[in-house]
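Morning, everyone. Please bring the model up on your screens.

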Amino acid sequence: METKSKQLFEEAKRYIPGGVNSPVRAFGAVKRTPRFIASAYGDRIVDVDGNEMIDYVCSWGPGILGHAHPRVIKQIQKACENGLTYGAPTEKEVILAKLIAEMVPSMEVSRLVSSGTEAVMSAIRVARGYTKRDKIIKFKGCYHGHSDGLLVKAGSAALTTSIPDSAGVPADYTKNTLVASYNDFASVEALFQANPEEIAAVIVEPVAANMGVVLPKPGFLEFLREITKKFGALLIFDEVITGFRLALGGAQEYYQIVPDLTTLGKIVGGGMPIGAYGGRKEIMEVVSPVGAVYQAGTLSGNPIATTAGIETLQILKEDPKIYQRIEEKAKKIADIVRETAKGKVYVNQIGSLLSIFFTSKIVIDYESAVSSDTAKYAEYFGYLLDRGIYVAPSQFEAMFLSDAHTHQDVESTCQLIKEYFAGI
Ligand SMILES: *Cc1c(COP(=O)(O)O)cnc(C)c1O
């Protein structure tokens, strides 16, 4: 039954572009009606028609503890009674910045903002202000939010041209963003050779999770660390997804690489809107009011959002075994799919993140990811949705596991996936 969701979607489309406040929510790629959500708890999400589903989207990453964790909710309720926002500093911001520095040691000093997009946009401004250079390198298939300079694709002569990947972005805003290929060492080397003294930073998702999950090849992140150092550029890890998810200290702890700047989002807000960027003190001191790089926000460090972030990080810190637990569940699903769908799909899994690519290719970069058959993914998605399993409505998004996923729910999910692949 999707009666109410259908009605709401029709009404939403009259007042909101495409009926949604973020494009992927429209279910366009899977040709279904988006479910309008009424509530969620633990690993379950419930729509307005009363359908209860096991949720593997987890709000695209923040929900590492599952929905409505009692400790987080209680602290938020308490905080609300003291007012929602002051536009003045609070102790909570100090506590959260300290927690971040403790858990992600490369972030000695950090700034709180209200989204991942803002965190990345600001980190890049810092890199440019610090190095006094304009150009940056990003990777095809990595997503860093929707700021102008990062909505870019390689032009026909990739080495020298980049063009906007969205209407409304002037070509002038993307001309300083150079595009390399993920896991392709030579593509990075070539861009540095062509612009030896002009590159302020390389920005990368240390584990790419926005073209589906794509792991860095052994040595790739080490190579980025070395080449940025050699050319006097900064290395920015966009850990908006991987931060507090792959390990307490994110991908940089998992792979033991120390970036110059890090961006966080999603989990750091515990389900509320927070982003953060930070790095060594000496770099972060270019930020206003200490330095000359301007960056500000009316609701930055909002007391309710910081409360949710603090409580979430505290819970993770108190119980680091959580990472083992969530990985085991993701691995179980990955193993079942590999066993039952041999040759039909390629599975990438790391920690609590996984993607099932409907391709026979090995997925290591954007080209291999987009070799997937999205119509087949849509069919798989619909099969699961109709049976109470809510996975990402796009081939190119990750499947997220949380600590709230019960063994029983993971087991029944595996069973359904097995049935699906046995039938195709
Ligand atoms: C989600 C995401 C962003 C953007 O964060 P928003 O909070 O949606 O603005 C940036 N980088 C990565 C790697 C992300 O996954």
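First, a cut-off. Buried means under 20% relative accessible area. Keep in mind that this is a predicted model.

Now take Trp-60. Is Trp-60 buried or exposed? Its relative accessibility is 19%, so Trp-60 counts as buried. Where is it in the fold? Trp-60 sits in the loop that runs between strand S3 (52–55) and helix H2 (70–80). Look across to Met-399.

Rolling a probe the size of a water molecule over the atoms shows where empty space is left. The count comes to 1 cavity of 30 Å³ or more. The largest cavity holds about 90 Å³ of space. Met-399 is one of its lining residues, and others include Leu-354, Tyr-377, Tyr-380 and Gln-395. Two elements give two or more residues to that lining: strand S14 (353–357) and helix H13 (374–385). Which gives the most? S14 does, with 3 residues. By class, the lining has 8 nonpolar, 2 polar and 1 charged residues.

Next, the second largest pocket. About 630 Å³ of space lies there. Its lining counts 32 residues. Nearest the centre are Glu-93, Ser-110, Arg-111, Leu-112 and Ser-300. Helix H3 (91–103), strand S4 (109–113) and helix H9 (281–284) are the elements that give two or more residues to this lining. The largest share is 4 residues, and it comes from S4. The classes here are 16 nonpolar, 11 polar and 5 charged.

Last, the ligand. Around the ligand you will find, among them, Ser-115, Gly-116, Thr-117, His-144, Glu-205 and Asn-210. The shell has 3 nonpolar, 6 polar and 3 charged residues.

A polar atom of the Lys-266 side chain lies 2.6 Å from a ligand oxygen. Then Asp-238: an N or O atom in its side chain is 2.7 Å from a nitrogen of the ligand. At Tyr-143 the backbone takes part, with a polar atom 3.3 Å from a ligand nitrogen. And how much of the ligand is covered? Taken alone, the ligand exposes 380 Å², and the protein buries 83% of that.

That's the tour. Questions, please.

Notes
Residues numbered from 1 in each chain as written. Predicted model: local features only at pLDDT ≥ 70, side-chain atom pairs only at ≥ 80, totals over all residues. Heavy atoms only, no water. Near = heavy atom within 4 Å. Polar contact = N/O pair within 3.5 Å; in protein donor to acceptor, adjacent residues only side chain to side chain. Areas by Shrake-Rupley, 256 points an atom, 1.4 Å probe, with all protein chains shown as cover. Nonpolar A, V, L, I, M, F, W, Y, C, P; charged D, E, K, R; others polar. 1 Å grid on protein atoms, 1.4 Å probe; cavity = no way out; pocket = protein on both sides within 12 Å on 5 of 7 lines; lining within 4 Å. Points joined across faces, edges and corners; volume = space filled by probe spheres on them. Buried < 20%, exposed > 50% of the residue type's maximum accessible area, 1.4 Å probe, protein only.
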